[in-house]
Amino acid sequence: MKKLVFLSFLLPFLGAAQHTIKGAFTPAESYTFALLYHVTPTATNYINQAETSIDGNWTFKLDENAETGIYKVVYAVPVEENNFDVFYNGKEDISLVFDLEDGLTFTASEENMLWQTYTDSISKINGLISNYYRNEKSDTSEIIAIFEAQKSTQNHFEKVTVDKMIAPFVKSNKTYIPDGFEDVNTYSLNLKKHYFDYMEFGNPLLQSSAFLNERVIAYVMAMPEETSYYIQAVDDVVNAIGNHEEAQILQLESLWQSMLKNQHPDVANYISDTYLLPLAKTYNINYLIKVLEDYNKSAIGKKANNFDFTYLENNKPIKTNLYEFNTYKKTLLIFWSSGCSHCLDELPKVKTLMEKHPDMTVLAYGLEDGVRNWNQTITQFPNFIHTYDLKKWDSPVIQTYGISATPSYFILDTDKTILAKPEHIADLEAYFSK
């Protein structure tokens, strides 16, 4: 009897067990560490770090109370680009292999292996569809059979994953499937029209993964490379998400960053001004408000902030402001300092470059703590328009433009709209070489 009583106390604890996430990186010499994070819709929480062994292996032991959900494994820096997601349901160990060329393969974990089998199956079917239309095949029975296989595969995986963590991912990954033959134009239009029909934007688990971001960015970037098409696609995304404001913020922030990375500043400005900044202010997301407002201080495609300054012309001081200055030529605005060695290295190169571009006026804004050295230095650049600011880094102008290093370059059109922000002299040369 005592043994049975002992067992009655022991058994409840037998259900709780530690699980592991094990992996192998190949080639092993390309990796030195793995970082593990638990991801929620609003946070990425650091869990642990593991060093890779000589053969590329690593292991994370999860606490018995570890939360279920999406975990992110980081294998290199920058961490934003070198990571992958895993599903942890609290019931099984996870084993995987990550190859630099072949990508991710799961060797243990029913949840993750089932998801991988599903995505591989759908990817192959999508390849068959693309191949059919790309090669302009005429056998309609072939594409009908492919669509039937697509429908059968989707239905099968929705059934076998109904009680699993990956269920909402399988459902949200569903695409438009015709009931019969459709020509390429009709199919493309329907695919676009129904792209978001099955996505559960309000699902916290989906919000925690890269899944929704990847699907949304894929939709927008599939549009013709014109600002108007991208903006319409952004509107489509917002309408598809509906009243899930948290999901809107997550997706719009990702899209905003993507547009900046892909050098579409007009679209980034539209996302920020129309949707993202108002949402951030509504929900008091202070970090995002600061990021966007700092960006807006000197964003490409926006009018530069005006400021007053004085310069000499024929030894006479001229008081003006940026908007009234040089209204018939483009302006290269340079923030620099006579005490900055990097500036003194780059400005002679700027001088040589600008001699080839007489349609451009150079306004050199010196950040100084005195005028003696500045007066001596500017004689080397007689064709520049020179002004200085003795407040240096405390200058309101510097803060308005978000200047954190010198030299900083801004190319302005005649209306003082920012056309480009080259970071270095090489970037400036590349701009003018176009």
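The expected span of a helix is 1.5 Å times one less than its number of residues. Helices (H or I, at least four residues) and strands (E, at least two) are DSSP runs, numbered from the N terminus. The model is predicted: local features need pLDDT of at least 70 and side-chain atom pairs count only at pLDDT 80 or more, whereas totals for chains, interfaces and linings use all residues. Residues are numbered from 1 along each chain as its sequence is written, and side-chain values use heavy atoms, with hydrogens and water left out.

Helix H9 covers residues 245–261. Because its 17 residues at 1.5 Å a residue should span 24 Å, the distance of 24 Å between its end C-alpha atoms agrees with expectation. Its buried residues (under 20% relative accessible area; exposed is over 50%, partly exposed in between; 1.4 Å probe, protein chains only) include Ile249, Leu252, Leu255, Trp256 and Met259, and also Gln248, Gln251 and Glu253. The buried residues of H9 pack against helix H6 (204–208), helix H7 (211–221), H8, H10 and helix H11 (286–297), where contact means heavy atoms within 4.5 Å. After H9 comes Gln263, with a positive phi near 60 degrees.

**The packing of H8 and H10**

Two packed helices are described by the angle between their axes and the distance between the axes. Axes are lines fitted to C-alpha atoms, for helices over the stretch in contact, and angles run from 0 to 180 degrees between N-to-C directions. Helix H8 (residues 227–241) and helix H10 (residues 265–282) pack at about 35 degrees, their axes lying 9 Å apart. Their crossing is right-handed, that is, the near helix is turned clockwise from the far one by less than a right angle. On the H8 side, Thr227, Tyr230, Ile231, Val234, Asp235 and Val238 take part, and they meet Asp266, Val267, Tyr270, Ile271 and Tyr275 of H10. By class, this contact holds 8 nonpolar, 1 polar and 2 charged residues; Ala, Val, Leu, Ile, Met, Phe, Trp, Tyr, Cys and Pro count as nonpolar, Asp, Glu, Lys and Arg as charged, and the others, Gly among them, as polar.

An open sheet is formed by 4 strands in the order S4-S1-S7-S8, with mixed pairing; two strands pair if DSSP finds at least two bridges between them. Strand S4 (57–62) and strand S8 (103–108) are the edge strands, each pairing on one side only. From one strand to the next, the twist averages 20 degrees. Strand S7 (residues 94–99) runs antiparallel to S8 and is joined to it by 5 bridges. Phe98 stands opposite Leu104 in S8. Helix H2 (residues 110–134) lies across S7 and S8, at about 135 degrees to S8.

**Backbone exceptions in loops**

Most residues other than glycine have a negative phi, and most peptide bonds are trans.

| Site | Backbone value | Loop |
|---|---|---|
| Thr26 to Pro27 | cis, omega near -5 degrees | Pro27: between S1 (19–26) and S2 (33–39) |
| Val77 to Pro78 | cis, omega about 0 degrees | Pro78: between S5 (69–74) and S6 (83–88) |

Asn326 counts as buried because its relative accessibility is 8%, whereas Lys392, with a relative accessible area of 24%, is partly exposed.
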